[in-house]
Structure formats: structure tokens, C-alpha cells
Amino acid sequence: MARARVLTPRERVQYRAAQALGALPPKLQVRLSGKPPVTIERDTLAPAMQLWLAVLERRNLPRLETLPPEAARADRRRQAAIYGGRPVQVGAVRDLLLETVAGELAARHYAPAERAEQPALLVYY
């Protein structure tokens, strides 16, 4: 299992700021983002995510697709350490095969060690 990335002093400040912004009331998070709630096909983006994306946009960082692959990977690892919150302990891992029109698609399901009050699901394609 990979060890957690050690944050620099500047990244620790950014982490604390991200935690504070994430603890704000949802309506305030949306207001601070400077945009109306983002809704696509009746799915509304989580207010904390909307605010974090607005903060990243305002920082004028290079777009991910303009970076060389190694730099892009390092940037994503850094941002995940800052904005990702506390690591979640994995309770179980299950390999799956999903039936699709194009054939079978391999997938992996990670279940947390403890049940959350509001369970969430994140899918990468």
C-alpha cells in the first residue's frame, strides 16, 4: 500500500484552507464560487467541489493537458493530497466485469472500512 504524500509547509496551509472552505455552509460555498449552482441533466455539482474548482480556476495554473505526462501526474498527486481530504481506509476490494454493448469492461469496487452517513460513489472512465 502506498504511503501518504508528505505536504510541504505551503501545501499544509493550502490543505487547511481547503478544509475550512469545505466546512462552510453549501449556499455560501456556491456564492463564493462566483457562479450559480452547476447542474447538468438534473445532477447538481456538490457545492464544495464547485468552490474548489473555482479556486483552482482563479489560481491561473497551467491546464493539465498542456503539461508533460510526468508533470501532470505529479500535479494531480499534489492536488489530491491538498484537496482530497483525509484518506479513507479501504475495507474491501472487489474486481468486477461489467456487461456493455461493446463487451465486458473490467472494473474495481473499493468499499470503505466504515459506513458513511451519506455514502457516495465516484466512477472513473
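This is a predicted model: local features need pLDDT of at least 70, side-chain atom pairs count only at pLDDT 80 or more; totals for chains, interfaces and linings use all residues.

Visitor: Is aspartate 75 buried or exposed?

Guide: The classes come from relative accessible area: buried is under 20%, exposed is over 50%, and partly exposed is in between, using a 1.4 Å probe and protein chains only. Aspartate 75 has 16%, so it is buried. Its place is helix α4. Helices (H or I, at least four residues) and strands (E, at least two) are DSSP runs, numbered from the N terminus.

Visitor: With which side chain does the side chain of aspartate 75 make a polar contact?

Guide: First the rule. A polar contact is a pair of N or O atoms within 3.5 Å; within protein, one must be able to donate a hydrogen and the other to accept it, and residues adjacent in sequence count only if both atoms are side-chain atoms. Here the partner is the side chain of arginine 78, at 3.1 Å.

Visitor: What surrounds arginine 78?

Guide: Not counting residues up to four places away in sequence, arginine 78 touches Arg5, Glu11, Gln14 and Leu61. Arginine 78 lies in α4, which covers residues 69–83. Its relative accessible area is 17%, so arginine 78 is buried.

Visitor: How many helices and strands does the protein chain have?

Guide: The chain has 4 helices and 4 strands. From the N terminus on, they run α-α-β-β-α-α-β-β. The C-alpha atoms fill a box of roughly 40 × 35 × 35 Å, taken along the principal axes. Of the 125 residues, 17% count as buried. Among contacts with a separation of 6 or more, 33% join residues 24 or more positions apart.

Visitor: Which residues form the largest nonpolar core?

Guide: A nonpolar core is a set of buried Ala, Val, Leu, Ile, Met, Phe, Trp, Tyr and Cys residues joined through side-chain atoms within 4.5 Å. The largest has 9 residues: Leu7, Tyr15, Ala18, Ala48, Trp52, Leu56, Ala81, Ile82 and Tyr83. Two or more residues each come from α1 (9–22), α3 (47–58) and α4. Leucine 7 is in contact with Arg12, Tyr15, Ala81 and Ile82, leaving aside neighbours within four places in sequence.

Visitor: What is the volume of the second largest pocket?

Guide: Take the method first. On a 1 Å grid over the protein atoms alone, a pocket is an open set of points where a 1.4 Å probe fits, with protein on both sides within 12 Å along at least five of seven lines; lining residues have an atom within 4 Å of a point. Grid points are joined across faces, edges and corners, and the volume is the space filled by probe spheres set on them. For the second largest pocket this is about 680 Å³. Of its 24 lining residues, the closest to the centre are Leu53, Leu56, Glu57, Arg76 and Gln79. The most lining residues come from α3, with 7.

Visitor: How many lining residues are nonpolar, polar and charged?

Guide: The lining divides into 13 nonpolar, 4 polar and 7 charged. Ala, Val, Leu, Ile, Met, Phe, Trp, Tyr, Cys and Pro count as nonpolar, Asp, Glu, Lys and Arg as charged, and the others, Gly among them, as polar.

Visitor: What should I look for in backbone angles?

Guide: Most residues other than glycine have a negative phi. Glutamate 41 has a positive phi of about 50 degrees. It sits in the loop between β1 (39–40) and β2 (43–44), and is exposed at 73%. Arginine 42 lies in the loop between β1 and β2 too. Its phi is near 70 degrees, again positive, and it is exposed at 81%.

Visitor: Which residues does valine 93 touch?

Guide: Valine 93, in strand β3 (residues 90–100), touches Arg108, His109 and Tyr110, not counting residues up to four places away in sequence. Valine 93 and arginine 108 are 15 residues apart in sequence and 7.0 Å apart in space, C-alpha to C-alpha.

Note on methods. Residues are numbered from 1 along each chain as its sequence is written. Side-chain values use heavy atoms; hydrogens and water are left out. Contact means heavy atoms within 4.5 Å.
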